[in-house]
Amino acid sequence: GQLPLFILTPNGRVDNGVNRDCYLFNPAANSTEELNMFRFLGILMGIAIRTGSPLALDIAPPMWKLLVGLPLTLEDLTEVDKDYVTGLLYLRDTPQTEAEFDALDMPFNSPGAAGQEVPL
């Protein structure tokens, strides 16, 4: 079966951008069993680091940054979801009046990493 702790990056799901063969932590994996699996994975990763035995985990580079407490940048987000960043940059860089913005008829939700709609 498939491990429920990971999901393919949005770039991988649409075959666009970089890190198409990498995975993100699944934000929907929040049951008691899945949280215990994450805890076990953390212990396994700690043992691998301490013993110098690398794990073959294709986790997207921004996830590693999160694990070590580094801040993420727009470039990091582009590495996992190029299309989403394109839309964000459009909204940021296109000067618009309130009337022009209202005419865009934008929904107040966004696709999450797992493909579900997330209200803003």
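Trainee: Which residues of helix 2 are buried?
Mentor: In this predicted model, the buried residues of helix 2 are Glu34, Leu41, Met45 and Ala48. They lie on the same side of helix 2, because they cover an arc of only 60 degrees around the axis.

Trainee: And what is exposed on the other side of helix 2?
Mentor: Thr32, Arg39, Phe40, Arg50 and Thr51 are exposed there.

Trainee: What covers the buried residues of helix 2?
Mentor: The cover includes strand 1 (6-8), strand 2 (23-25) and helix 3 (61-67).

Trainee: How many residues does helix 2 have, and what span does it reach?
Mentor: Helix 2 runs over residues 32-51 and has 20 residues. From its first C-alpha to its last it reaches 29 Å, close to the expected 28 Å.

Trainee: What follows helix 2?
Mentor: Gly52 does, and its phi is positive, near 70 degrees.

Trainee: Is Asn19 buried or exposed?
Mentor: Asn19 is buried, since its relative accessible area is 16% and the cut-off for buried is under 20%. Asp15, by contrast, is exposed, with a relative accessible area of 56%.

Trainee: Changing topic, how much space lies in the largest pocket?
Mentor: About 270 Å³. Of the 12 residues that line the largest pocket, Tyr84, Leu91, Met106, Asn109 and Ser110 are the closest to its centre.

Trainee: Which element gives the most to that lining?
Mentor: Helix 5, with 4 residues. Helix 5 (82-93) and strand 3 (109-111) each supply at least two residues.

Trainee: How does the lining of the largest pocket divide by class?
Mentor: It has 9 nonpolar and 3 polar residues, and no charged residues.

Trainee: What about the second largest pocket?
Mentor: About 220 Å³ of space lies in it. The second largest pocket is lined by 14 residues, with Leu24, Leu77, Val80, Asp81 and Ala113 nearest its centre. Helix 3 and helix 4 (74-80) are the elements that give two or more residues to this lining.

Trainee: How many charged residues are in that lining?
Mentor: The lining of the second largest pocket has 2 charged residues, along with 11 nonpolar and 1 polar.

Definitions and conventions: Residues numbered from 1 in each chain as written. Predicted model: local features only at pLDDT ≥ 70, side-chain atom pairs only at ≥ 80, totals over all residues. Heavy atoms only, no water. Expected span 1.5 Å × (residues − 1). Buried < 20%, exposed > 50% of the residue type's maximum accessible area, 1.4 Å probe, protein only. Arc of directions from axis to C-beta. Contact = heavy atoms within 4.5 Å. 1 Å grid on protein atoms, 1.4 Å probe; cavity = no way out; pocket = protein on both sides within 12 Å on 5 of 7 lines; lining within 4 Å. Points joined across faces, edges and corners; volume = space filled by probe spheres on them. Nonpolar A, V, L, I, M, F, W, Y, C, P; charged D, E, K, R; others polar.
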